[in-house]
Amino acid sequence: GQVFRLEDYRPSDYLIPRTELDFRLGEDSTKVVARLTIERRAGVDKPVQLELDGDGLTMRRIEVDGEALDAADFDATPDRLVIHTPPASGRFTLLIETELAPSRNEALMGLYRSSNVYCTQCEAEGFRRITYFLDRPDVLSVYTVRMEALRTEAPLLLSNGNPVEHGDLEDGWHYAVWHDPFPKPSYLFALVAGDLGCIKDRFVTASGKEVELGIYVEHGKENQAGYAMDSLRRSMKWDEEVFGCEYDLDVFNIVAVSDFNMGAMENKGLNIFNDKYVLADEETATDADFANIEAIIAHEYFHNWTGNRITCRDWFQLCLKEGLTVFRDHEFSADQRSRPVKRIAEVRTLRAHQFPEDQGPLAHPVRPRRYREINNFYTPTVYEKGSEVVRMIRTILGAETFRRGMDLYLERHDGDAATIEDFVKVFEEVSDRDLSQFALWYHQAGTPNLSVTTRHSPATAEFIIEVEQSVPPTPSESRKRLMHIPLAFGLVGADGKDMGFEGAEGATVEDGVIHVRKRKHVVTFSGVTERPVLSLNRGFSAPITLSIEQRPEDQIFLASHDSDAFSRWQAFNTLLTDAIIAAFRNILGGKQPAFGTDLTRLTGRIAVDATLEHAFRALALALPGEADVAREIGKNIDPDAIFAGREALARSIAEANGGVFAQLYDDLLMSGPFSPDAASAGRRALRNTLLDYLAMLPDGAQRAAAHFASATNMTDRAAALAVLAHRHAGSEEAKAALAEFDKRYRSDPLVMDKWFMIQATAPGTGAVDAVRALTEHPAFSIANPNRVRSLIGGFASANQTGFHRADGAGYTFFTETVLTVEKRNPQVAARLATALRSWRSLEPKRQAKARDALLTMQAKEGLSADLRDIIERTLA
Ligand code: HT7
Ligand code: ZN
């Protein structure tokens, strides 16, 4: 396949200032007439041929300035339209008619059908599946869209911008016209046509403009859209207050569809959502679902400024909109909920998804320099690490200067297709700092490591920190440059308070941040009479790994006393991880794992520490996942031994704290009406974490079964089901609960996703056959991305012992399934295949089997560009 390179960017020769689209919608045949006003770009003075992008198109008509074009004057293939000699004036109207079959579009890109609704997905390159176009984000056009459909089939006709007119046509057809005054790239185009229910609301912006809000869902599900609407209103208000961003159209619509390749899409004025991120009530959604809905509604809404008003010059700049918008949605959730709890959750996600990417064959810079398939670059690196980079800019500049930088960015680049250089420059200007070394975070892949040692000299009252940075090599970047790493820190005194110091030498130290810029710094703090305990990378100020020599008693001290909640969690989590790794090594060496009472006692103390939020305690008590431990170990991974080590620690904690946990479990039971707020969710989270421990003790299955039976909301019901299916697999209690859940929710696909996921992630060798059998379940559909992600994605990414079964059966099943999915939906298949990205860290036998699986996929004839790109980079 073709490789696209950042250095090859050049502006297009032509622009398309106006785009008029007429759709006559039919499921097997939709006619699209595009009338494009085309202009040669200023500065391109001689006539040049016009080349438009297409993807699988069938052209029915072509006219230039109202005249049919001679066959000799153009060249049309499904994937390209070339007009050899456009009018010499350089300004003309091009009419193109294409014919599409939405019902046969299973890739879910372009115009397709989802549960009898017509909808579109154009990012990144889906618009070219609708009509020929300059389908690139730096070609901005003002769109007018007219849709015609049978009124019975599609009473609702939506597109971007504001409604202009609508009316009846002959034979039961009707039409609607929408106009979007804001020039936009083609990837932000959308239409929806169908028969949907809706809830409406109104929002008055800071300057008094009235906006009509609509959320469209399947009929009968309107009462599940309330939380999404509430989240939208809160997002609109927050963006005004925190970033000064006001909404700009008369309407803002959200449509939920059940077949969608990703989470949601920020089309101007018409966001289209995976229904999983809209629909929620206590009976069907967990607290995690509520939190995701709030975050994703906010994320897509925030794109209106960071993505739509200011878009990307090219797809290499994807992090310009995505990293920044993730940062904004993280801040929103932190403000709506608990900031420290949100931060811990973010870091866990980053480590679980971005670190393995950055440390494996698919590593790439936050702003990549080359790609073969852009769909494969909607990655944790672009999104999550991209957000961390923005967070570091704020840490370095301080909140106020950062906000001035954002104001300048929004003002200077409104209406632009911008670059990362434009973004970094505004912060350099407002702060008068040189951010060129810092900008390496955008340009250089890999997770930097800092190795740190400390010593205290009572005689001189000095505390000395030695820091050495290294950035590991990543694909096609063997030599790395030194990074600017902002390390928030504290010197914690015996009373748990941060100690002061007189001065610091050896690195710039400002506002509680050490700025590491060189390979090695020896930072000397003076006036430190007592030995402090160093708390480093507070709040996870930099997305790095730390190798720090710290005594276990210092970590226990930080876990008990650090004033920074994130670092407190981190210290405890490190202790737990180290304990599991020690158990893993014992198991491999044929010894029994054993754990110190310090750790099990500390766990009990944290559980009942009323000064800590419930949600914090739940996060602290949740043991590091098997994949987290595997990442720490790094190589020669035997997932069975990690699993056994982790189980042993869980059992030891449960046995040491059974009485305390049982009492707390009882105390945490809530009565009264359900609320999805953070405090209530935190209580449920802690109680359900305790259940997981208590289920390992005598009568554990009965306790979990009782929890399941008495649950009054999905959070508790799903948590109990997971405990039964994972800890008591095959028991009568587990079987009964699984059957009961199936019976009750069989007709609600989003709820059944939880049922599929819970079974897919049940540890052990039986999972492969169980998952294979579940692909035959009537609620499963290989064509629906949510079903596939729950069952197959859950198995491959969250079932270490099942997927990495020693005999390779997990890989064989996975390979077959990925290839089946790929025939319909290459994008979803490619994303699934990334589950094998860490294959080289497995022990040799599993490694060989995983490699065979990758080679089998690679050898498949007619492999899509999407899957081929992932497989080949994974094998390289
Ligand atoms: N900007 C959106 C990305 C997206 C997407 C990309 C490729 C294929 C399908 C897609 N659906 C949505 C989502 C976002 O980050 O806001
Ligand atoms: Zn986004």
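## Exercises on a predicted model

Strands β18 (residues 210-217) and β19 run parallel to each other, joined by five bridges; strands pair when DSSP finds at least two bridges between them. This is a predicted model, in which local features need pLDDT of at least 70, side-chain atom pairs count only at pLDDT 80 or more, and totals for chains, interfaces and linings use all residues. Residues are numbered from 1 along each chain as its sequence is written, while chains are lettered from A and ligands numbered from 1 in the order in which they are written.

### Exercise 1

Step 1. Helices (H or I, at least four residues) and strands (E, at least two) are DSSP runs, numbered from the N terminus.

Step 2. Now turn to strand β21 (residues 270-274), which pairs with β19 in the parallel sense over five bridges. Here Ile254 stands opposite Asn271.

### Exercise 2

Work out which strands stand at the edges of the eight-stranded sheet.

Step 1. Write down the order of this open sheet: β6-β5-β9-β3-β2-β12-β15-β14, with mixed pairing.

Step 2. β6 (67-68) and β14 (162-168) are the edge strands; each has a single partner strand, so one side of each lacks a neighbour in the sheet.

Step 3. Look at β6 and strand β5 (residues 59-64), which pair in the antiparallel sense over two bridges. Glu63 is opposite Ala68 in β6.

Step 4. Between β5 and β6 there is a loop that holds Asp65. Its phi is near 50°, a positive value in a residue other than glycine. Asp65 has 13 other C-beta atoms within 10 Å, so it is partly exposed.

### Exercise 3

Is Leu108 buried or exposed?

Step 1. Locate Leu108 in the loop between β9 (91-100) and β10 (110-114).

Step 2. Check its backbone: phi of Leu108 is near 60°, positive although the residue is not glycine.

Step 3. Count the C-beta neighbours inside 10 Å: there are 24, so Leu108 is buried.

### Exercise 4

Describe the shell of residues around ligand 1.

Step 1. Ligand 1 is surrounded by 15 residues, the closest being Glu123, Asn261, Met262, Met265 and Tyr378. A residue is near a molecule if its C-beta atom, placed from the backbone, lies within 6 Å of it.

Step 2. Sort the shell by class: five residues are nonpolar, six polar and four charged. Ala, Val, Leu, Ile, Met, Phe, Trp, Tyr, Cys and Pro count as nonpolar, Asp, Glu, Lys and Arg as charged, and the others, Gly among them, as polar.

Step 3. Finish at Glu123: its peptide bond to Ala124 is cis, with omega near -5°.

How values were computed. A residue is buried if 20 or more other C-beta atoms lie within 10 Å of its own, exposed if 12 or fewer, and partly exposed in between; C-beta atoms are placed from the backbone.
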